[in-house]
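Please read the points with the structure open.

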Amino acid sequence: MIKKDLRQAVTLLAAGDWQAAHEIVQEDEESRLSCWAHGIVHLMEGDVANAGYWYRLAGRVLREDVSIGDEVAALSAELGQS
């Protein structure tokens, strides 16, 4: 996946459209950032167990007190989006 597509997915996540974001992130199951975005998708969906799987692939810890908004903002910052 090219970075532009992942940026589009993050924009969709920020807008609350996890279904459309999922279509994008499921195309790349290898990049750390895409796996993180995939985890956020599943958090938004309410599937915490699946989110944990993607967070582990991303090398991230899924905290119990996770804020989806904070996660989207952090991922956006990582991609250079503000």
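1. Trp18, Ala21, His22 and Val25 of H2 meet Ser34, Ala37, His38, Val41, His42, Met44 and Glu45 of H3, where contact means heavy atoms within 4.5 Å. Helices (H or I, at least four residues) are DSSP runs, numbered from the N terminus. The residues of this contact of H2 with H3 divide into 6 nonpolar, 4 polar and 1 charged. In that count Ala, Val, Leu, Ile, Met, Phe, Trp, Tyr, Cys and Pro are nonpolar, Asp, Glu, Lys and Arg are charged, and the others, Gly among them, are polar.

2. On the source: this is a predicted model, in which local features need pLDDT of at least 70 and side-chain atom pairs count only at pLDDT 80 or more, while totals for chains, interfaces and linings use all residues. Residues are numbered from 1 along each chain as its sequence is written, and side-chain values use heavy atoms, with hydrogens and water left out.

3. H2 and H3 pack at an angle of about 150°, and their axes are 9 Å apart. Axes are lines fitted to C-alpha atoms, for helices over the stretch in contact, and angles run from 0 to 180 degrees between N-to-C directions. H2 and H3 are therefore roughly antiparallel to each other, a term for angles over 145 degrees. H2 passes H3 in a left-handed crossing, that is, the near helix is turned anticlockwise from the far one by less than a right angle.

4. Helix H3 (residues 32-45) also packs on helix H4 (residues 48-58), at an angle of about 165° and with the axes 8 Å apart. That makes H3 roughly antiparallel to H4. The crossing of H3 and H4 is left-handed. Among the residues that make the contact are Cys35, Trp36, Ile40 and Leu43 of H3 and Val48, Ala51, Trp54 and Tyr55 of H4. By class, the contact of H3 with H4 has 10 nonpolar, 4 polar and 1 charged residues.

5. For H3 and H5 the angle is about 160° and the axes are 11 Å apart. H3 and H5 are therefore roughly antiparallel to each other, and their crossing is left-handed. On the H3 side the residues are Arg32, Leu33, Trp36, Ala37, Ile40, Leu43 and Met44, which meet Ile68, Glu71, Val72, Ala74, Leu75 and Glu78 in H5. The contact of H3 with H5 has 10 nonpolar, no polar and 3 charged residues.

6. Which residues have the most contacts inside the largest nonpolar core? They are Leu6, Leu13, Trp36, Ile40 and Leu75, in a core of 22 residues. Such a core is a set of buried (under 20% relative accessible area, 1.4 Å probe, protein chains only) Ala, Val, Leu, Ile, Met, Phe, Trp, Tyr and Cys residues joined through side-chain atoms within 4.5 Å. Helix H1 (3-14), helix H2 (18-25), H3, H4 and helix H5 (68-78) each give two or more residues to this core. H3 gives the most, with 7 residues.

7. Met44 is found in helix H3. Not counting residues up to four places away in sequence, Met44 touches Leu13, Gly16, Trp18 and Ile68. The C-alpha atoms of Met44 and Trp18 are separated by 6.6 Å, although the two residues are 26 residues apart along the chain.

8. Glu27 lies in the loop between H2 and H3. Glu27 is exposed (over 50%), with a relative accessible area of 63%.

Notes: Angles under 35 degrees count as roughly parallel, over 145 as roughly antiparallel, 65 to 115 as roughly perpendicular and the rest as oblique.
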